[in-house]
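Please read this briefing with the sequence and the structure side by side. The points are grouped by topic, and each can be followed in the structure shown here.

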Amino acid sequence: MAQVEAKQIKKQFGDVTALHGIDLTVKEGEFCVFLGPSGCGKTTFLRIICGLESASSGELYIGDKPVIGLPPRARGVAMVFQTYGLYPHLKVRDNIAFPLKTQGTPKDEIKPKVEWAAGLLGIGHLLDRKPRQLSGGERQRVALARALVREPAVFLLDEPLSNLDAKLRTSARNELKEFQRRIGTTTIYVTHDQVEAMGMGDRIVVMEHGRVRQVGTPTEIYDEPANTFVATFLGTPPMNLVESNGHLMGFRPENFLHKSIYENLTDLMDINFRVARVEYLGSERVVYGFLEGIPHEGEVMSKLPVHVGHLDLREGEQYPFAIKRQDLKYFDKSTGERTAKG
Amino acid sequence: METTTTTTTAAAPPAKPSRFQYMLDNPGFLAPLFMAPAVVYIVLLVAFPTVLSVYYSLSAYNIYNLSFKFVGLKNYIDIFQDDVFLQTLGNTFIFTIAANVIGLALGKATALLLLRDFRGKVFVRFLIILPWAVPIALATLAWRWMFDSLYSVINWSLQHAHLIGPNTWPNWLGEEHLAMISVIIVHAWRLFPFGAVIFLAGLTSIPKDVMDACVVDGAGFWRKNFQIVIPMITPIIAIAGLFGIVFTFTDMSVVYLLTKGGPTNSTHVLGSLAFQVGILSGDVSHGAAISLVMFPFLLVASILLLRFLRRREV
């Protein structure tokens, strides 16, 4: 176990700057998720931590050891790749044993270690198969076992669930999180999927265009977004942003509800909402429409849980809606950064 | 053709399709059509001469005696009692194996080089394809000058690098072992671009994640290459090997152009000996027998390689 500390990590690919000086500390034993859209630099940053890519400048420490310039094998890291990177010609057993062999682990120690790793991931019965005889979920576990077997200081995972089907992804997510909690190894997990990030991360690092836009726990990131990018990147549907008194005012669709739902609550902001269309999604309804009295070109959305299903919302009609004032966030119009109440 | 005249206006109902109108949509017609040129070519230029040479090898045919008298295996017994033939057979194996091992190893190294990004890569790639693209007669002429006993640029370079003295220049094409080494060098030089292209195709087919995993798992250069890369591209190496072996085993151009089999038959291969006996000396029946000796060896090599490939696929 070790903490990972990055200081002003920059990466330049020709004229393109992939990372603009990143400062970050991933704490010992933490499950840290790098979240961002494609091309935001999250995988590049992970590969720099791993040593597969070199940083153009900056410092990087794993444990207390400076690792810039060291090859991956000298960094004590293990990585799980998006397509797993299993060796197709080797049996599962030899795939898992490979990193031990490169370390020169004595032969009689390899077998029990392989079996220990396979046992932890419940793939003991697959040891004599070849990777192509395995399902996607099994391959992913083999990749994890291979990463785990030499007991690295840091686990690096690059979108390891993206090749699984939706159902398997949910269970694999839980297993992975549970597994990390059990072994307690510092883990950095890259994903573009906010559900994975929210569900698994102790902390989330939201990245955009090679910059860190916010670092925080899932609750902090979701409830107190630091800027409009984070506010709109997380949440399905994303946070509504409308102009108000020279600021951008943001509120989440699930906090923008019919007034009757609030019952006796005070400190509300009342807005009339003209419904344009209603999307029925089973457990909830997403209502698209326009606000009265607030100039705004786009639609805003309201997410109504199914237990208020008795509310009959008709397209083209206007209804009294409201938002709790504490749920309103304000952002600077030009920079998009969070500001105090507008 | 007769249908085109009936469908001039757009409003007209579609004419009844002629029997031939959709003929080109029919695989039963297209497949034989497309295969026909290859089949005709193989029958006329490969199968027929092969059958003819089998017949020649069993007859007493030569240019002085144009009789097709059947003599059974006599020609084969003759050649196997001939020291020159036996030496040639040995030479052919040495030549084939050495040239392929050197050529493919060079090809692998070249492919690794070409996988990297560097300035002038396009130019290097062009240079590397040259041995393959330059006509063999032309290239061998250049090599002959490089191996020349008086003007050898190789010897000149070795002397200026103080590796050999002025009076100890090796006579590359004039001494038996050196001549063999020379033809092997030239043929390996000819083969390696092919090896490089095949290896490059194989190497680029390895997923990037596998290569990255290998580095993260801590494999160094040798382990990465011998435990991951080469096993993964073995099918491609086998194909390259099969082609290289067939290509080399049947080849006579390098030997014939460089040494004509000399000195004293030390570099003869089956192809060049068959040509010399059958065509130049006019002993067609023995020449045919010599060339047909290749057949069982190539058959065995092909079967072994193809079986090996199939076993890996299962």
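In this predicted model, the domain assignment divides chain B into domain 1, covering 19–57, and domain 2, covering 75–313. The centres of domain 1 of chain B and domain 2 of chain B, taken over C-alpha atoms, are separated by 32 Å. Where these two parts meet, 4 residues of domain 1 of chain B are in contact with 7 residues of domain 2 of chain B, and the touching side of domain 1 of chain B consists of 2 nonpolar residues, 2 polar residues and no charged ones.

**A residue in domain 1 of chain B**

- B:Phe29 belongs to helix α1 of chain B, which is made of residues 27–57.

**Chain A as a whole**

- Chain A contains 8 helices and 19 strands, and its C-alpha trace spans about 75 × 45 × 35 Å along its principal axes.
- Of the 342 residues in chain A, 38% are buried.
- When contacts in chain A between residues at least 6 apart in sequence are considered, 64% of them join residues at least 24 apart.

- An open sheet of chain A is formed by 4 strands in the order β2-β1-β4-β5, with antiparallel pairing, and its edge strands, each pairing on one side only, are β2 (16–26) and β5 (65–66) of chain A.
- Strands β1(A) and β2(A) run antiparallel and are joined by 7 bridges, and within this pair A:Lys11 stands opposite A:Leu19 of β2(A).
- The hairpin of β1(A) and β2(A) has 2 residues between the strands, and in it A:Gly14 takes a positive phi near 60°.
- Strand β4 of chain A, residues 57–62, is joined to β5(A) by 2 bridges in an antiparallel arrangement, and A:Tyr61 has A:Pro66 of β5(A) as its bridge partner.
- Helix α1 of chain A, residues 42–50, packs on this sheet and touches β1 (4–13), β2 and β4 of chain A, while its direction makes about 115° with that of β1(A).

- Strand β14 of chain A, residues 268–280, and strand β15 of chain A, residues 284–291, run antiparallel and are joined by 7 bridges, with A:Tyr280 bridged to A:Arg285 of β15(A).
- In the hairpin of β14(A) and β15(A), which has 3 residues between the strands, A:Gly282 adopts a positive phi near 90°.
- β15(A) also pairs with strand β16 of chain A, residues 300–305, in the antiparallel sense over 6 bridges, and here A:Val287 has A:Ser302 of β16(A) as its bridge partner.

- Helix α2 of chain A, residues 92–102, has as its buried residues A:Val92, A:Asn95, A:Ile96, A:Ala97, A:Phe98, A:Pro99 and A:Leu100, and the buried residues of α2(A) pack against α3 (107–120) and α4 (136–148) of chain A.
- Just after α2(A) comes A:Gly104, which takes a positive phi of about 75°.
- The contact between the chains takes 19 residues from chain A and 14 residues from chain B, and β6 (77–80) and α2 of chain A each supply at least two residues of the side of chain A that touches chain B.
- Sorted by class, that side of chain A has 12 nonpolar, 6 polar and 1 charged residues.

- In soluble globular proteins, nonpolar side chains tend to be buried together.
- The largest nonpolar core in this model has 95 residues, and those with the most contacts inside it are A:Ala145, A:Leu156, A:Ile188 and A:Val205; the largest share of this core, 6 residues, comes from α4(A).
- Leaving aside residues up to four places away in sequence, A:Ile188 touches A:Val4, A:Val26, A:Cys32, A:Phe34, A:Leu46, A:Ile49, A:Val154 and A:Leu156.
- Another core, of 42 residues, lies apart from the largest one, and among its members are B:Ile79, B:Ala99, B:Ile184 and B:Ala188.

Methods: Residues are numbered from 1 along each chain as its sequence is written. Chains are lettered from A and ligands numbered from 1 in the order in which they are written. This is a predicted model: local features need pLDDT of at least 70, side-chain atom pairs count only at pLDDT 80 or more; totals for chains, interfaces and linings use all residues. Domain bounds come from an automatic or database domain assignment. Ala, Val, Leu, Ile, Met, Phe, Trp, Tyr, Cys and Pro count as nonpolar, Asp, Glu, Lys and Arg as charged, and the others, Gly among them, as polar. Two strands pair if DSSP finds at least two bridges between them. Axes are lines fitted to C-alpha atoms, for helices over the stretch in contact, and angles run from 0 to 180 degrees between N-to-C directions. A residue is buried if 20 or more other C-beta atoms lie within 10 Å of its own, exposed if 12 or fewer, and partly exposed in between; C-beta atoms are placed from the backbone. A nonpolar core is a set of buried Ala, Val, Leu, Ile, Met, Phe, Trp, Tyr and Cys residues joined through C-beta atoms within 7 Å.
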